[in-house]
Amino acid sequence: PTKILAKMANRIAKRNRQHDGVFNLFEHGDRDAILREFPMEDVWGIAGRYKARLAALGIHTPLDLKNAPRGWIRKCFGVVMERIALELNGLSCMDLELVPQKRKNMACTRGFGQELTKKEDVAGALAAYVSTLAEKLRKHKLAAQGIHVFLMTNPFNPKRSPYFAAQSAGLEEPTHFTPALAQKADELLQEIFREGYRYKRVGVILLDLIEQGAVQAGLFSRVAAKKADSLMQAVDNLNRRYGRNTVRLGAVGTEMPWRQIADRKTVPFTTDQKFLPVALAD
């Protein structure tokens with residue numbers, strides 16, 4: 001009947017195998033019994049930040065929240081918590097998003113497999129991350145109007161001096177052209193990179209995304225934009241056919257010391273035939 005109850009049913013279906021992946025609250029005779037046993041921190045919109053505050057006021061279960069006075073809940077926590085209580089009562093207050101909202105930003109912020117000291121290694125990682133985001137932009141028919149780059153050392157290593165810096169810039173024209181985005185990202189990296197540090201992470205965020213069809217090209221850039229789109233389409237087709245990074249920016253390099261360590265990664269038996277077990281018979 002409501003979005004929050006649907007999320008609760010979904011959580012129950014996933015965690016209890018006897019339901020075989022489906023749990024129907026409509027067919028359950030005692031809904032209050034479910035609310036009494038359901039973990040408070042698993043209720044959508046509550047998590048850990050509200051659990052302690054609610055417990056201090058005597059609300060330990062979703063059933064307690066359901067039965068709490070609406071006016072008192074709103075006075076103590078605001079309208080959002082009041083809506084959660086109403087949803088637990090079966091009164092819908094949150095519309096379902098049947099159409100996904102358009103993205104406004106897109107980020108790629110991965111840690112390195114090892115700490116890096118050379119600028120060219122960090123720049124290679126940044127170029128790879130920008131390439132990944134640019135490919136996603138083209139897939140969703142979006143273009144970026146700005147870019148944000150940050151760089152940081154390992155914050156959990158007290159033996160070394162910490163360093164964090166970030167820089168943002170707008171683009172002259174919205175684009176999803178990988179070389180243009182990579183060039184602007186590299187310019188920002190040059191501003192924030194400092195020698196003498198051991199870097200653990202670099203990140204890039206593409207800002208103010210708009211639909212590609214809404215981009216107004218400059219008078220002298222229409223031909224160049226068509227050529228860039230054709231080039232990127234060819235690159236994406238090659239990478240889809242022969243594997244990621246088959247065609248990549250030269251700045252990414254070949255050694256890629258920044259790659260994450262994946263020695264504990266689950267073997268993809270079900271998605272890659274190269275990893276299928278081989279049985280030999282005499």
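Me: What makes two strands count as paired?

Reply: Two strands pair if DSSP finds at least two bridges between them. In this predicted model, strand S1 (residues 106–116) and strand S4 (residues 199–207) are joined over seven bridges in the antiparallel sense. Seven meets the requirement of at least two, so S1 and S4 count as paired.

Me: Why is Thr2 called buried?

Reply: Thr2 has a relative accessibility of 5%. Buried means under 20%, so Thr2 counts as buried. Thr2 sits in the segment before helix H1 (3–15). Leaving aside residues up to four places away in sequence, Thr2 touches Glu87, Gly90, Leu91 and Ser92.

Me: What makes the approach of Thr2 to Leu5 a polar contact?

Reply: A polar atom of the Thr2 side chain lies 3.2 Å from the backbone nitrogen of Leu5. The limit is 3.5 Å, so the distance of 3.2 Å falls within it.

Me: How do helix H7 and helix H8 cross?

Reply: The axes of H7 (residues 119–139) and H8 (residues 178–192) come within 9 Å and cross at roughly 145 degrees. The crossing is right-handed. Among the residues making the contact are Leu126 and Val130 of H7 and Leu181 and Ala185 of H8. The contact residues comprise ten nonpolar, three polar and three charged.

Methods. Residues are numbered from 1 along each chain as its sequence is written. This is a predicted model: local features need pLDDT of at least 70, side-chain atom pairs count only at pLDDT 80 or more; totals for chains, interfaces and linings use all residues. Side-chain values use heavy atoms; hydrogens and water are left out. Helices (H or I, at least four residues) and strands (E, at least two) are DSSP runs, numbered from the N terminus. Buried means under 20% relative accessible area, exposed over 50%, partly exposed in between (1.4 Å probe, protein chains only). A polar contact is a pair of N or O atoms within 3.5 Å; within protein, one must be able to donate a hydrogen and the other to accept it, and residues adjacent in sequence count only if both atoms are side-chain atoms. Contact means heavy atoms within 4.5 Å. Axes are lines fitted to C-alpha atoms, for helices over the stretch in contact, and angles run from 0 to 180 degrees between N-to-C directions. A crossing is left-handed if the near helix is turned anticlockwise from the far one by less than a right angle, and right-handed if clockwise. Ala, Val, Leu, Ile, Met, Phe, Trp, Tyr, Cys and Pro count as nonpolar, Asp, Glu, Lys and Arg as charged, and the others, Gly among them, as polar.
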